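Subject: Structure for you to look over

Hello,

Here is the structure I promised to pass on. Please open it first, then read my notes below.

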Amino acid sequence: MNTLMTVRGLRKRFGDTEVIQSVDLDIHEGEVVVVIGPSGSGKSTLIRCLNGLEPATAGEIALTGAASGAESMARLRDEVGMVFQDYTLFPHLSILRNMTLAPKLRGLSRDDAEARAMQLLERVGLAHKAQAMPAELSGGQQQRVAIVRALAMQPRLMLFDEPTSALDPETVNEVLLVMKELATEGMTMVVVTHEMGFAREVADRVIFFDGGRIVESAPPAQLFSAPCEERTRQFLNHVLK
């Protein structure tokens with residue numbers, strides 16, 4: 001399996017607090033990596049560093065084929081999609097207008113950009129909501145729009161930062177279904193989530209992250225049934241009760 005992203009010696013400090021402590025990580029093409037761990041462990045900071053939203057204090061993050069430095073950071077922004085907890089849709093613009101703001105669509109004619117956006121909305125069953133405003137959609141619908149808006153960038157890697165945490169229980173599954181479809185199609189994904197069922201079913205690898213570091217990394221069958229580290233066992237015993 002080819003390596004798509006390489007992370008070496010990643011550190012992130014806010015003032016005197018080091019929230020990411022010397023993380024090494026390889027992400028392979030077509031792999032689904034799920035990151036779990038307690039709140040405040042640094043998971044969201046880690047994933048924001050992976051696409052350059054948070055500048056690393058030290059270390060290197062590189063996509064395969066890109067030089068280090070400015071070129072690598074530019075590639076991260078162009079080729080890594082990101083889906084946040086809170087949808088990040090522009091509330092004063094229609095769903096279709098939100099979609100056509102994607103940089104990869106801005107270079108098209110208006111008709112072509114809208115046609116491509118409609119194809120993506122159709123994919124998640126929301127073409128009929130194209131002229132609606134975000135406030136007229138449920139949380140699950142807004143998050144599905146956020147996912148296909150990121151897909152409009154044609155990313156090589158998709159990052160998800162707790163994409164279901166702001167949703168009510170009835171709408172969580174509709175977002176997870178879209179993510180499962182992406183995984184089935186071979187999209188490379190890194191997902192920070194508290195959805196242990198999703199991690200068990202979809203992940204190729206589960207990372208337990210705590211205290212700003214990778215405590216344990218293993219296939220889900222191994223990590224959930226026979227974790228090697230005591231801290232991992234403590235966490236799973238708590239969340240799986």
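Start with Met153. Leaving out residues up to four places away in sequence, Met153 touches Arg77, Asp78, Pro103 and Lys104 (contact means heavy atoms within 4.5 Å).

Some ground rules. This is a predicted model, in which local features need pLDDT of at least 70 and side-chain atom pairs count only at pLDDT 80 or more, while totals for chains, interfaces and linings use all residues. Residues are numbered from 1 along each chain as its sequence is written, and side-chain values use heavy atoms, with hydrogens and water left out.

Back to Met153. It lies in the loop between α6 and β6. Helices (H or I, at least four residues) and strands (E, at least two) are DSSP runs, numbered from the N terminus. Met153 has a relative accessible area of 16%, so it is buried. The cut-offs are under 20% relative accessible area for buried, over 50% for exposed, and partly exposed in between (1.4 Å probe, protein chains only). Val80 is 73 residues away along the chain, yet the two C-alpha atoms are separated by 8.4 Å.

The largest pocket

How much space lies in the largest pocket? About 450 Å³. Of its 20 lining residues, the closest to the centre are Met82, Phe84, Arg149, Ala150 and Met153. The search ran on a 1 Å grid over the protein atoms alone; a pocket is an open set of points where a 1.4 Å probe fits, with protein on both sides within 12 Å along at least five of seven lines, and lining residues have an atom within 4 Å of a point. The volume is the space filled by probe spheres set on the points, which are joined across faces, edges and corners.

β5 gives the largest share of the lining, four residues. Both β5 and α6 supply at least two residues each. By type, the lining divides into 13 nonpolar, five polar and two charged residues. Here Ala, Val, Leu, Ile, Met, Phe, Trp, Tyr, Cys and Pro count as nonpolar, Asp, Glu, Lys and Arg as charged, and the others, Gly among them, as polar.

Helix α6

This helix covers residues 139-151. It reaches 19 Å from first C-alpha to last, close to the 18 Å expected (1.5 Å times one less than its number of residues). Twelve of its 13 residues are buried, so α6 is largely enclosed by the rest of the structure. Arg149 and Ala150 are among the buried ones. The buried residues pack against β5 (80-83), α3 (95-100), α5 (110-123), β6 (157-161) and α7 (169-184).

Salt bridges

The count comes to twelve, where a salt bridge is a side-chain nitrogen of Lys or Arg within 4 Å of a carboxyl oxygen of Asp or Glu.

- Glu79 and Arg156 meet at 3.1 Å, N to O. Glu79 is in helix α2 and Arg156 in the loop between α6 and β6, so the pair ties together parts 77 residues apart in sequence. Glu79 is buried at 18%; Arg156 is partly exposed at 28%.
- Glu201 bridges to Lys180, with the closest N and O atoms 3.1 Å apart. This pair links helix α8 to helix α7, 21 residues apart. Glu201 is exposed at 55%, whereas Lys180 is buried at 19%.
- Glu230 pairs with Arg233 at 3.0 Å. Both lie in helix α10, three residues apart, about one turn.

Best wishes
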